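Open the model in a viewer and keep the selection panel at hand. The stops below go from one selection to the next.

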Amino acid sequence: MFGIIFLWRVKSDKLAEHDALMKRTLAVERERAPEVLLNLTLGPAADGTCAEVQVYQDYPSHESFVARAQREDAELKRLWDAFAEIAEPDSWKTIKFESMDFLAGSFVRPVVPIGGRKLTGRVALVTGGARGIGAGIAAALAEAGAKVAVTDIKTAHAKGDLVIEADITNEDSVRAVIDRCVAELGSLDILINNAGIYPFKPVDQFSLEEFRRVLDVNVVGPWLMCKHALPHLKRTGHGAIVNIGSCSGIHGGATPGGSAYDASKAALHQLTASLAVEFGPQGVRVNAIAPGVVDSHATGQFAAEAAATPLRRVGTPADIGRIAAFLASDDASFLNGITVIADGGRMAQW
Ligand SMILES: NC(=O)c1ccc[n+]([C@@H]2O[C@H](COP(=O)([O-])OP(=O)(O)OC[C@H]3O[C@@H](n4cnc5c(N)ncnc54)[C@H](O)[C@@H]3O)[C@@H](O)[C@H]2O)c1
């Protein structure tokens with residue numbers, strides 16, 4: 001964390017204009033600079049001096065912010081230019097400070113918190129995040145302010161701050177993904193184990209190899225991710241893991257042929273509980289979501305499923321994404337070891 005103080009002087013006959021400009025600037029910055037944790041404006045004092053204090057989480061450098069604000073961003077530049085007209089042109093001053101200690105005990109209190117989105121400053125890694133529910137989760141985490149790394153075996157359409165092609169069943173790849181995430185995005189606060197495969201067929205048509213592959217991707221992969229993410233997650237003091245299970249791991253699956261899938265998702269729910277107990281004392285929470293039917297590719301082909309659901313629709317990746325963002329956030333700070341059933345009420349019906 002670091003802060004900057006901007007100082008400038010406002011001409012006494014321009015105070016009203018200055019006030020209006022401050023409000024517009026704050027609105028623009030709220031949109032553009034989610035990394036700002038705190039923005040407060042002081043003054044103007046009797047001589048017209050104003051101070052603006054900005055506190056950033058993990059922003060690469062205050063120089064680059066100043067450069068962006070004053071040169072690169074056209075809209076912000078217009079606002080800063082307008083300030084310069086109101087203020088004495090040579091009264092700008094930027095003071096960088098590394099600690100906020102000086103604010104303690106002072107009369108200064110934050111008046112305008114900016115970037116209050118609940119995952120601002122957090123780094124999340126989503127497995128299988130290139131499409132479907134994983135892409136919905138990645139989008140929801142980004143919307144909540146997190147930096148998002150996506151890993152998948154097929155990354156052609158993946159979107160994120162960092163995209164890494166990898167197979168989660170390979171331990172060396174898992175290590176490499178986590179190391180790159182930490183090296184390039186600065187930390188690892190949130191792990192979402194979403195990647196999964198779902199071949200459905202009668203037992204006698206499953207080869208042992210196919211059955212084992214389902215367990216490998218749906219259980220062993222998440223276990224490997226948890227194992228290698230733990231050292232980084234616990235360092236943050238607020239680490240969170242969310243495993244994407246399934247209603248098929250709670251009851252017999254929605255359709256026959258799920259011997260591998262249903263067993264793997266039940267195992268993932270149990271892994272969630274076991275790791276919640278093991279990781280909890282280390283400050284890392286572990287929860288799961290059990291989605292019902294989700295139209296993960298927006299096919300619109302689930303009319304019968306929708307009709308059988310009390311909410312009369314199937315889920316969307318965004319539905320699951322919002323729940324994942326909540327479970328990953330401090331709003332869920334006392335939730336540990338639970339599986340949230342997200343099925344529109346389907347399993348509540350008997
Ligand atoms: N869609 C549903 O109705 C539904 C319901 C309940 C649970 N789920 C679970 O939600 C998760 C996502 O489902 P979806 O419908 O979005 O599926 P999907 O097939 O669209 O997405 C899964 C992603 O995981 C990736 N993946 C597969 N194996 C991988 C591996 N070994 N390493 C890395 N990435 C790998 C795939 O490339 C794909 O991008 C799965 O775990 C699934 O079991 C889905």
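Select α7 first: this helix lies across β9, β10 and β11 and runs at about 165° to β10. Contact here means C-beta atoms, placed from the backbone, within 7 Å; axes are lines fitted to C-alpha atoms, for helices over the stretch in contact, with angles from 0 to 180 degrees between N-to-C directions. Helices (H or I, at least four residues) and strands (E, at least two) are DSSP runs, numbered from the N terminus. The model is a predicted one, in which local features need pLDDT of at least 70 and side-chain atom pairs count only at pLDDT 80 or more, while totals for chains, interfaces and linings use all residues. Residue numbers start from 1 along each chain as its sequence is written.

Next, select β9 (residues 240-244) together with β10; they pair in the parallel sense over five bridges. Pairing requires at least two bridges found by DSSP between two strands. From β9 the chain passes through α7 (residues 259-279) to β10, a right-handed β-α-β crossover; right-handed means that, with the strands pointing away from the viewer, the path from the first strand over the helix to the second runs clockwise. Within this pair, Val286 of β10 is the bridge partner of Ile241.

Stay on β10 (residues 285-291). Seven of its seven residues are buried, so the strand is largely enclosed by the rest of the structure; buried means 20 or more other C-beta atoms within 10 Å of the residue's own, with C-beta atoms placed from the backbone. Arg285, Asn287, Ile289 and Pro291 point one way, and Val286, Ala288 and Ala290 the other. On to β11 (residues 339-342), which runs parallel to β10 and is joined to it by four bridges. Val340 in β11 is the bridge partner of Ile289.

Now show the whole sheet: it is open, has seven strands in the order β7-β6-β5-β8-β9-β10-β11, and pairs in parallel. Its edge strands, each pairing on one side only, are β7 (162-165) and β11. Further along, select β5 (residues 123-127) and β6 (residues 147-152), a parallel pair with five bridges, where Leu125 stands opposite Ala149 of β6. Helix α4 lies across β5, β6, β8 (190-193), β9 and β10, at about 175° to β5.

Finish at the ligand. Which of the 26 residues around it come nearest? They are Gly128, Gly132, Ile133, Gly196 and Ser296; a residue is near if its C-beta atom, placed from the backbone, lies within 6 Å. The largest share of the shell, three residues, comes from α4.

How values were computed: Buried ≥ 20, exposed ≤ 12 C-beta atoms within 10 Å, placed from the backbone. Contact = placed C-beta atoms within 7 Å.
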